[in-house]
Amino acid sequence: MDHAEENEILAASQRYYVERPIFSHPVLQERLHKKDKISDSIGDKLKQAFTCTPKKIRNIIYMFLPITKWLPAYKFKEYVLGDLVSGISTGVLQLPQGLAFAMLAAVPPVFGLYSSFYPVIMYCFLGTSRHISIGPFAVISLMIGGVAVRLVPDDIVIPGGVNATNGTEARDALRVKVAMSVTLLSGIIQFCLGVCRFGFVAIYLTEPLVRGFTTAAAVHVFTSMLKYLFGVKTKRYSGIFSVVYSTVAVLQNVKNLNVCSLGVGLMVFGLLLGGKEFNERFKEKLPAPIPLEFFAVVMGTGISAGFNLKESYDVDVVGTLPLGLLPPANPDTSLFHLVYVDAIAIAIVGFSVTISMAKTLANKHGYQVDGNQELIALGLCNSIGSLFQTFSISCSLSRSLVQEGTGGKTQAVLSAIVIVNLKGMFMQFSDLPFFWRTSKIELTIWLTTFVSSLFLGLDYGLITAVIIALLTVIYRTQSPSYKVLGQLPDTDVYIDIDAYEENSLRLLAKTFTLLNLGLLQLLPAFQEPTNITSLHSTWTACSSQSEGQPPLPVFFSLFVKEIPGIKIFQINAPIYYANSDLYSSALKRKTGVNPAVIMGARRKAMKKYAKEVGNANVANANVVKVDAEVDGEDATKPEEEDDEVKYPPIVIKSTLPEELQRFMPPGDNVHTIILDFTQVNFIDSVGVKTLAGIVREYGDVGIYVYLAGCSAQVVNDLTQNRFFENPALKELLFHSIHDAVLGSRLREALAEQEASAPAPQEDSEPNATPATPEA
């Protein structure tokens, strides 16, 4: 017998027994003692907020300058060698990536180096992550380039009569001004969000959304680099369908491609692709990844200079980069009204990429990052960096560090570097089969994000994707799963009757066939399905005929059965304005108990009875009586007598004579509906009104509605929305489903006992509601 079988037999033989009262909400509250919440006055709160202590000052410094916390604890001898190797090996990657990503941002390549220098220094003091590398990022650079090209297109005519085709320096200067403005505005947005503690905004960018967005961005980057790889002259497009226009423009000019440029690009492409595979395969053995991008730039520079590609083969080159750093300059704030939408998108996407990578690495290495401080750090890096003519930065997924340098580089080499670095993003297409198997909704988010970002542009695509993601949340809560629960006999466990066998005879037959035992010997035990003890005894008797048979397997006992007269209904979502009507409809549909149908059947039964006995007056009187009890407005309003408010009964018991029952259609004779609220985390005012209507509707036809497993928040929502205005409604709340079931059974037993007792001498009030006992 293996270990799994031993565990199964052990689980089948173990039992636990609990003896306690039936806990309705009032009974439970009487036995509990709530803590008295003493709230501080506004003056005390202000005093505490503005009190200055050394500890508070130290915590503020630690919060806004994290370097003051980790630098004094830096273990120099232990960390310096590893940090030095890591810095050198990854720093050399920043040079080619900074140059290449500047092309995506539609600014001269040297500005990629500026963006790799200033923000990195500031993040060292302000950031909370110890491992991410801040600098230009392909997606953010492409979004910056889209804004720059939209406001300063290739064919723009600059005031003064200088055409952009003959004055690329003037055009590039305008694009730098646009990039500085959008960078400053995105930095201000990030800083304000961080100060206002809005670090949670990243949660609205779900993983499928981010991966679909970055995959679409990879396609944009790929198509924008094709013209450099093929060496053709085409216009740069931005906005809606820009990816289509860019691809068509390249294909239309492919006959004019520069073979030398394509050859150099493909050679570098093959080198980088093969080298990255080598780094991945032998990453455990290599002390540090081989800086392939750096070697590619060096090789491309040597080939360009050695063969004079610019003059001899008309290959576009970046040229000589200016030495030194530019002095600070004020960004043009007059452009804010033209770029604010793009700035918001860039701010949120940049933060989302940064915080997701930071949290991943922090969890791996056992420390925490502060999302709000990351927003502040990125905001200051971007806003202050824009004064030094940098463009927006984010976390570099290749964990690159800053490295400044100069020299001549070919654009075909830079385009190959960009394309190879997109490999990881293109591999995200493998998400589609995974989401197809796991979640169709997340697959929808991925696909709609990808398609909208691909064809509408990254800015409008992101907005569309966020809206669709929020709509899926509404859809999930508006269309939750509804279940009718059944009981595992002799237990307090209630599960979905549609998901499990309601009768275990089929399982029993299959198992006993395998064990060569007679099924007929067990059939008497199933005359009463809830009698598990009888079944266990029969199994034990059968097992004695064959040596080594285990006791009753656990799966023989676990079959689901609805409790006669009780329907248990469960929802796995909050009840609010968007799904309250659907909840009421699903309750009637899934349980098969519709008060309107029951009331209509009673009216028809009265008419049939009246027709049979030939007394139409009795039928009319009965119908009027029921209508007055059920549908009358006065029946729901409290009455005041002797300064005491008297409420109508919650449940109106049927007054139909027994001779009318034969005219009623066959039914389940349900007397209690139990609403399982264990998975309901809140209920709004519309939901409370719907719930009150449900209680009233079922009560009008003599059916009790119990609420089970309400959280403290749900009880508070019900209280604030005056659900318990009639104090008797508190008797409908129970601590658990099993408490509600036992309470229902006890109530029915007491009702039967009262019905069988001799009638009192005094006339009793008709239609009185039996009180729910305090178990």
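Buried means under 20% relative accessible area, exposed over 50%, and partly exposed in between, with a 1.4 Å probe and protein chains only. This is a predicted model, where local features need pLDDT of at least 70, side-chain atom pairs count only at pLDDT 80 or more, and totals for chains, interfaces and linings use all residues. Residues are numbered from 1 along each chain as its sequence is written, and side-chain values use heavy atoms, without hydrogens and water.

**View 1. Tyr 576 and Tyr 577 form an edge-to-face pair.** Rings of Phe, Tyr and Trp (its six-membered ring) pair if their centres lie within 6.5 Å; planes under 30 degrees apart are stacked, over 60 edge-to-face, the rest tilted. Here the centres are 5.1 Å apart and the planes stand at 85 degrees. Tyr 576 is buried because its relative accessibility is 10%. Tyr 577, at 61%, is exposed.

**View 2. Phe 569 and Tyr 583 form a tilted pair.** The search of the whole structure finds 17 aromatic pairs. In this one, the ring centres lie 5.5 Å apart, with the planes at 50 degrees. Phe 569 sits in strand E7 (residues 566–571), and Tyr 583 in helix H26 (residues 580–591). Helices (H or I, at least four residues) and strands (E, at least two) are DSSP runs, numbered from the N terminus. Both Phe 569 and Tyr 583 are buried.

**View 3. Lys 440 lies over the face of Trp 436.** A charge sits over a ring if NZ of Lys or CZ of Arg is within 6 Å of the ring centre and within 35 degrees of the ring normal. For Lys 440, the distance to the ring centre is 4.6 Å.

**View 4. Arg 747 lies over the face of Tyr 704.** The distance to the ring centre is 3.9 Å.
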